[in-house]
Amino acid sequence: MTWHRSLYWRIALGVIGLLAAMLLVQAMLFVWVVSQSGRSLPGQSPGRLGLTVALDLANVLEREPQVDLARYVQDQYAQYTHPFFVMMADGRVITSGSQSFPEPLLRMARAQLQRRLDRPDGRRPETGDRPDAFGRGGDRFERDPNGFRFLRPSPILVHGHVMGVVVVPPQAPFGFLLGRFAPTLALVAGGVLILGAVLTSAMIFGPARRRLRALETAARRLGSGDLAARAAEGGGDEIAAVASAFNAMAVDLSARAEALAASDRARRQLLADVSHELTTPVTAMRGYLETLRMPELALDGSTREHYLTIISDETNRLERLIGDLLDLARLEGGGGALQIEDLPVAWLFDRVTARHEHACRAAGVTMERSIEPGAETVAGDGDRLEQALQNLAANALRYAPPGSTVRLRSQAGGGGSPGRLALHPHMTGSSGARGFQPCGVTLSVEDEGAAGIAPEHLPHIFDRFYKADAARAAEVSVQGGSGLGLSIVKAIVERHGGRISVTSRPGRTVFEIALPKRALG
């Protein structure tokens with residue numbers, strides 16, 4: 001970017017130009033005011049100046065008749081701010097500074113001088129030639145036939161003879177004052193301009209430029225991939241507002257990048273897990289099918305039926321696995337609207353109990369339920385909440401030892417039932433944009449599994465296909481689990497705006513679903 005396109009230079013040149021224009025206007029105004037005042041020295045009017053000069057020149061001529069009058073006038077009166085000229089009887093015109101006087105003033109001076117020289121009583125001064133004729137500081141103005149305004153010239157009298165007249169213009173010529181004050185005004189204006197430019201640069205443009213440069217550096221760092229780049233937000237002005245907006249954008253980009261990275265890692269892990277989980281039943285099915293197709297291998301009817309049963313079981317397992325994957329993808333992707341309504345908790349528990357009645361009888365496990373006052377209803381989608389409770393109940397039955405009890409409990413608020421584990425639970429909150437809402441009802445599923453869940457496995461218990469150990473993985477595979485049940489439960493709860501937590505120790509594991517008073521839907 002060229003310098004003349006820079007915002008800093010444009011603002012700086014604009015301010016400097018404004019300062020220069022202001023100084024120029026002030027200088028012109030000063031000169032105009034001085035020219036209009038007509039004052040030569042403080043307290044002295046043009047008329048009195050003329051009389052003073054005339055008396056001074058008369059005294060000089062009396063003492064030194066051969067004096068160089070032009071040099072004397074220049075030496076004594078060149079610094080006066082009000083110019084004048086002396087018209088001598090021999091025709092010489094001596095000026096004090098300005099070389100240009102109005103022609104009407106020159107004609108008037110010649111006429112006045114000639115009139116005084118032609119008078120037979122030229123020795124006697126006229127009225128107005130004396131200082132007291134002007135009163136106290138007043139000037140006596142006259143006008144010629146053309147209306148030109150002038151002061152009566154002051155005569156230079158030497159031994160009673162008129163040697164010349166001193167003519168002072170009523171107002172100092174503007175050009176004379178401009179030439180007289182121009183160097184000083186230019187010097188002062190230049191100094192003020194330079195000082196103003198330095199102060200402006202140091203106090204206004206310098207900090208702004210540094211802050212904008214820091215913001216530019218932060219933007220370049222962010223563009224190059226440094227997601228930790230941030231700009232300073234101090235100042236409370238427009239630059240701070242831009243920096244704040246930039247930081248908000250950087251935070252959002254950083255969060256999005258982290259989310260994308262996490263999503264990519266999850267996608268890769270999911271692909272690996274899905275490949276592994278699908279490979280197991282497909283390999284088993286292919287092996288048994290190849291065995292059944294071998295013509296040289298004679299199989300009796302019971303063996304063939306056993307192989308076909310295994311193939312059927314693996315097919316069903318593969319179907320469940322694919323169904324669970326699709327279901328989990330819909331839940332986590334926000335697909336499918338939830339039908340939110342007030343549901344009786346007793347109805348949900350009845351459905352779970354009826355579904356697992358045969359499994360409980362076969363495993364020798366008792367399923368109990370309890371509903372506390374104030375927790376009789378819950379807001380949510382009936383099918384999805386039933387699915388979540390069914391998965392938790394199936395998971396509890398899978399590890400509950402014979403003779404133990406699986407408990408379904410509904411509590412108002414955040415739970416905290418008697419006998420709650422004195423452990424820090426692993427908790428997952430709502431992943432929705434609005435976060436977790438105030439808790440209304442807590443549904444819990446408790447089992448008395450002998451081993452429980454080791455603390456190091458609790459943070460991963462809701463991950464897809466996570467297996468705490470090989471023995472448990474084998475047990476899940478044998479009993480028909482897909483490894484996605486808890487992940488589906490977590491997704492259902494978070495779609496409702498709730499959270500799910502788990503606490504475990506040997507002999508007791510509790511999963512709690514905390515649902516808000518009003519589900520998100």
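I take contact to mean heavy atoms within 4.5 Å. The model is predicted, so I note that local features need pLDDT of at least 70, side-chain atom pairs count only at pLDDT 80 or more, and totals for chains, interfaces and linings use all residues. Residues are numbered from 1 along each chain as its sequence is written, and side-chain values use heavy atoms, with hydrogens and water left out.

Entry on Val378. Leaving aside neighbours within four places in sequence, I find valine 378 in contact with Glu341, Asp342, Leu343, Val345, Leu348, Leu385, Val441 and Leu515.

Entry on cores. A nonpolar core is a set of buried Ala, Val, Leu, Ile, Met, Phe, Trp, Tyr and Cys residues joined through side-chain atoms within 4.5 Å; buried is under 20% relative accessible area, exposed over 50%, partly exposed in between (1.4 Å probe, protein chains only). The largest has 45 residues, and Val378 is among those with the most contacts inside it, as are Met367 and Leu389. Elements giving two or more residues to this core include α7 (301–332), α10 (382–399) and β14 (508–516). Helices (H or I, at least four residues) and strands (E, at least two) are DSSP runs, numbered from the N terminus. α10 gives the most, with 7 residues. I also logged a second, separate core of 21 residues, which includes Leu49, Leu57, Ile94 and Val166.

Entry on His159. Which loop holds histidine 159? It is the one between β5 (154–158) and β6 (161–167). Histidine 159 has a positive phi of about 55 degrees and is not a glycine. Most residues other than glycine have a negative phi. At 58% relative accessibility, histidine 159 counts as exposed.
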